[in-house]
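Hello,

Here is the structure I promised to pass on to you. Have a look at it, and then read on for what turned up.

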Amino acid sequence: MIVVEGAMADVITLENGPEKFALLGWSLFTGVIGLLGNTFILVLSLKFNAIKLDKVSVILILNIAVADLVFSCTVILPTTGSIATEQWIYGSLLCTTTNFLETITLVTSIVLLCMLNVSKLLRMRSPLRALNRSKRTGYWLAGVAWMTPIVLVVLPSLALHRSASFKHLPYRCDSVAIPEVDGWLDPLYASTLIFLPMVVVTVTTVWLLGLLYKSRGLQKQSVLTLLLISTLFFLSFVPHGIFFVLSLVFDVSKSAPLQHYYRFTVFIINLNSMGNAFLYYLSIASYTKFIKQAYYKTRLVLCGTAIPPNIALQLRRGTLDRSQAYTLDELGGTGRITAIIKSSMQ
């Protein structure tokens, strides 16, 4: 996490009750969905070009998927073991490593979203100039995004010999407080790595919302995708920003409600890593079309019945005529096949 716990005491542990099982189920669910969803995004885009947007946006989206995939594998899923055992079971080396990876992936994801919004806004404001932007521009932006947390957070932490230890509140390894520097370093990190990106995302999102009704085709899909991603970002990170403000006013170590709220802010961030695959399905026509075609082809193959060439071609192209009726003889199969063909036309 960007904001370390400092003097916050680990006074709240969970018994084998509803809250513990809820956190365990939530971590397992979001971790698996994040792993599978982001893997699908990378495979479908890199191998099948399923996301048909401008080159810079696609590169930034793929890097967001990489960051979310690493976060799911190295932060969310290991948390399930910590919740179940009430301790860190993976060793001190992985404790420090996962703490750094959590910071790197979260900050990188935030910076990439800011770049994605600003890039799309500039593209819509100056479309002719945007045509000159190549994949190299996207790679440069992605490189800057990945280097930002390394330069601003990881390297200073290594220079300060900051260690990490397991905390019961987030059920993760967190940075050990260094009081003489955290008094000014934490507000600096919070303002530059949380609040400033929130301002950028807010301003660009409102601006893009105003341009949504004027855009058409791929431009409209891109804007809608960014609006959905930005909404997910706010739902995931705004609670943590609110907690940081409250921690400046109240003594969190003496407030059980605030400690419970802190735990909520930590686990709600999981939304940011597992939700993008669903958002792309809702907003990007090429991605949606590919998923539907793959789904129906898989169901047809599992039925083990040959499909007539003309119908197979239409399924492959996604041009199956909704008004056309197919009889059992034409399909050469069973009623189950007929039901599948009809469902693919809806």
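Which residues does Tyr 280 touch, not counting residues up to four places away in sequence? They are Ile 41, Ile 51, Ile 61, Thr 225, Ile 229, Tyr 287 and Thr 288, where a contact means heavy atoms within 4.5 Å.

Some notes before going further. This is a predicted model, in which local features need pLDDT of at least 70, side-chain atom pairs count only at pLDDT 80 or more, and totals for chains, interfaces and linings use all residues. Residues are numbered from 1 along each chain as its sequence is written, and side-chain values use heavy atoms, with hydrogens and water left out.

The overall picture

The protein chain has 14 helices and 2 strands; these are DSSP runs numbered from the N terminus, helices being H or I with at least four residues and strands E with at least two. Of its 346 residues, 50% count as buried. Buried means under 20% relative accessible area, exposed over 50%, and partly exposed in between (1.4 Å probe, protein chains only). Among contacts with a separation of 6 or more, residues 24 or more positions apart account for 77%.

Helix H1

H1 has 31 residues, which at 1.5 Å a residue should span 45 Å; its end C-alpha atoms are 43 Å apart, which agrees. The expected span is 1.5 Å times one less than the number of residues. Buried residues in H1 include Gly 31, Gly 34, Gly 37 and Ile 41. Just after this helix, Asn 49 takes a positive phi of about 55 degrees.

Salt bridges

How many salt bridges are there? The count comes to 6, taking a salt bridge as a side-chain nitrogen of Lys or Arg within 4 Å of a carboxyl oxygen of Asp or Glu.

- Arg 172 pairs with Glu 102, with the closest N and O atoms 3.1 Å apart. Arg 172 lies in strand E2 and Glu 102 in helix H3, so the bridge ties together parts that are 70 residues apart in sequence. Both residues are buried.
- Arg 162 meets Asp 182 at 2.8 Å, N to O. This pair links the loop between H5 and strand E1 to helix H6, 20 residues apart. Arg 162 and Asp 182 are buried.
- Asp 251 bridges to Lys 254, the closest N and O atoms being 3.9 Å apart. Here Asp 251 counts as partly exposed because its relative accessibility is 40%, and Lys 254 counts as exposed at 73%.

I hope this helps you find your way around.

Best wishes
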